[in-house]
Amino acid sequence: MARTRTAVNRTVLGTVGLSLFLAGSWLTATDPAFADRWPTADAGTVLLDRNRLAQLRGEGWWTPTVMAASIGLAVLFALWSLGQSRSGRARPLALPSPGCTVRPQALAEALATRVTALPGITRSRARVLPRRGQRLEVRLRVWLEPDTPPGAVLPTLRTATAEADRAATPYTAHTRVRLSTTPHRTRHVR
């Protein structure tokens, strides 16, 4: 969802930017104040003169088309703005027992607490993202203690993530783990 939202945001921003650029160029080309600065084939001509604009406004399709496009864009941007202001809280996950649910944030906090308690790990942060169907994406960030090799932590880390997979039983969890090391604290002499 985050990647989709980012792609939609960039597409909308690019479309709005291109529209504003084209509208500004069109206004610059048709405004008499800018007509002398605009490069034209003949002196004193513009790309769309007042007579042509009056002729377009006289057409039966011009006004309804402009109105429909304006209303459609306003509704589209209003819906997009509402979608952006959504709190981002994920829906609760249904568990196999009837009426039981768990929040993805609670599952992430439990996993982070469990992983932090493992030997050789300084701290951890987890994020559980529900996806379509019965799928969860689990992102786990783990900071190792100084001089702890990743190979020493991986078996216990694999056990903890397997416990989290079993805890979210009707869902299949796809876990990505990112390991980092905590640097040694350098002592400063004063």
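A residue counts as buried when its relative accessible area is under 20%, and as exposed when that value is over 50%, with partly exposed in between. Keep that in mind for this tour of a predicted model.

**A buried glutamate and its partners**

Start with Glu-137. Its relative accessible area is 13%, so Glu-137 is buried. Arg-131 sits in the loop between β3 (121–130) and β4 (135–144). With a value of 16%, Arg-131 is buried too, whereas Arg-139, at 26%, is partly exposed.

**Salt bridges across the chain**

How many salt bridges are there? The count comes to four. One of them joins the side chains of Arg-114 and Glu-163, 2.9 Å from N to O. Arg-114 belongs to helix α5 (residues 104–116) and Glu-163 to helix α6 (residues 150–167), so this pair ties together parts that lie 49 residues apart in sequence. Arg-114 is partly exposed, with 32% relative accessibility, and Glu-163 is partly exposed with 32% as well.

| Side chains | N to O distance |
|---|---|
| Arg-114 and Glu-163 | 2.9 Å |

**A serine in strand β3**

Now look at Ser-124, which is found in strand β3. Is Ser-124 buried or exposed? Its relative accessibility is 14%, so Ser-124 counts as buried. What does its side chain reach at 2.8 Å? That would be the backbone oxygen of Ala-112. The Ser-124 side chain also makes a polar contact with the side chain of Thr-116, at 2.8 Å. Leaving aside residues up to four places away in sequence, Ser-124 touches Ala-112, Val-115, Thr-116, Arg-141, Val-142 and Trp-143.

**A nonpolar patch outside**

Finally, turn to the surface. Met-67, Ile-71, Val-75, Leu-79 and Leu-82 form a nonpolar patch there, and together they have about 520 Å² of accessible area. Leu-82 is part of helix α4 (residues 62–84). With a relative accessible area of 59%, Leu-82 is exposed, while Glu-137, where we began, is buried at 13%.

Conventions:
Residues numbered from 1 in each chain as written. Predicted model: local features only at pLDDT ≥ 70, side-chain atom pairs only at ≥ 80, totals over all residues. Heavy atoms only, no water. Patch = residues over 30% accessible without salt bridge, like charges linked within 9 Å, V, L, I, M, F, W, Y side chains within 5 Å. Areas by Shrake-Rupley, 256 points an atom, 1.4 Å probe, with all protein chains shown as cover. Helix = DSSP H or I, 4+ residues; strand = E, 2+ residues; numbered from the N terminus. Buried < 20%, exposed > 50% of the residue type's maximum accessible area, 1.4 Å probe, protein only. Polar contact = N/O pair within 3.5 Å; in protein donor to acceptor, adjacent residues only side chain to side chain. Contact = heavy atoms within 4.5 Å.
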